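User: I have a protein chain to go through. I want to know what stands behind each term. Can we take it step by step?

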Amino acid sequence: MVSLWQKIIKTGRVAEPPPPRNKDSGDRPPAAAELGGSVQIRHVDAGSCNGCELEIASAFGPVYDGERYGARLVASPRHADALMVTGPVTRNMETALRRTYEAVPRPRLVIALGDCARNCGVFAGAYGVTGAVGDVVPVDVEVPGCPPPPEAIVSALRGLTGR
C-alpha cells in the first residue's frame, strides 16, 4: 500500500497541458463575467449524431479534465449557468430546448457545440430539422468542428471561466 502511495505522489497529475483560451477575458460574454470563474453546464442533445457527445465526455474525462478550469456538468437546468447544445434542432426538440433555456436562471449562456448546432451542418435542409440552435435560442459562444476536438471544447470553456 505504501508503494502505491509513493508511486501516486511521484507520478503526480497526468493530464494534457492546458490548451490556449478561445477568447481573451476582455471578449467574454457579459453574463460569463458575472459568474466569477465557475460555470455549471447543462448539456442538451437537440438532435445530434452523438459525435459531439463523445468529445464532451473526453473533454471532461481524466485526460483533458475540463473541471480543472471551473466548468462542471450538472443534471438539471435549474442548477446550470449555461446550456451546451449539440446537433441541429429537430422538430421534436424545439419546444424542449426553449423550455430548458427558460428554466436556466439568469445570467445564462448558450454554447452551440459543433457545426450542426452552428449551422445545421450535414443536416441542413432535412425535413425533420427546424434550424440551428441560434434560430431557436440566443447563442453566446460557438465551437466549430464536426465533431469539435476536446481541446476546442476546453478552450471555449476556458474563455467562459476566464481561467
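User: How many helices and strands does the chain have?

Analyst: The chain has six helices and seven strands. Helices (H or I, at least four residues) and strands (E, at least two) are DSSP runs, numbered from the N terminus. This is a predicted model, where local features need pLDDT of at least 70, side-chain atom pairs count only at pLDDT 80 or more, and totals for chains, interfaces and linings use all residues. Residues are numbered from 1 along each chain as its sequence is written, and side-chain values use heavy atoms, with hydrogens and water left out.

User: What makes α1 hardly covered?

Analyst: Buried means under 20% relative accessible area, exposed over 50%, partly exposed in between (1.4 Å probe, protein chains only). Helix α1 spans residues 2-11, and the count of buried residues among its ten is zero. In the chain, buried residues make up 45% of the 163 residues. Just after α1, Gly 12 takes a positive phi of about 75°.

User: Why is β2 called an edge strand?

Analyst: Two strands pair if DSSP finds at least two bridges between them. The open sheet runs β2-β1-β3-β5-β7, with parallel pairing. β2 (71-73) and β7 each pair on one side only, and they are the edge strands.

User: How do you know that α6 packs on the sheet?

Analyst: By contact, meaning heavy atoms within 4.5 Å. α6 touches β1, β2, β3, β5 and β7. Its direction makes about 165° with that of β7. Such axes are lines fitted to C-alpha atoms, for helices over the stretch in contact, and angles run from 0 to 180 degrees between N-to-C directions.

User: What makes a set of residues a nonpolar core?

Analyst: The members are buried Ala, Val, Leu, Ile, Met, Phe, Trp, Tyr and Cys residues, joined through side-chain atoms within 4.5 Å. The largest such core has 23 residues. Ile 41, Met 84 and Leu 157 touch the most other members. The largest share of this core, five residues, comes from α6. Another core, of 14 residues, lies apart from it, with Val 44 and Val 85 among its members.

User: Which residues does Leu 157 touch, not counting residues up to four places away in sequence?

Analyst: Leu 157 touches Ile 41, Phe 60, Ala 71, Met 84 and Ile 111.
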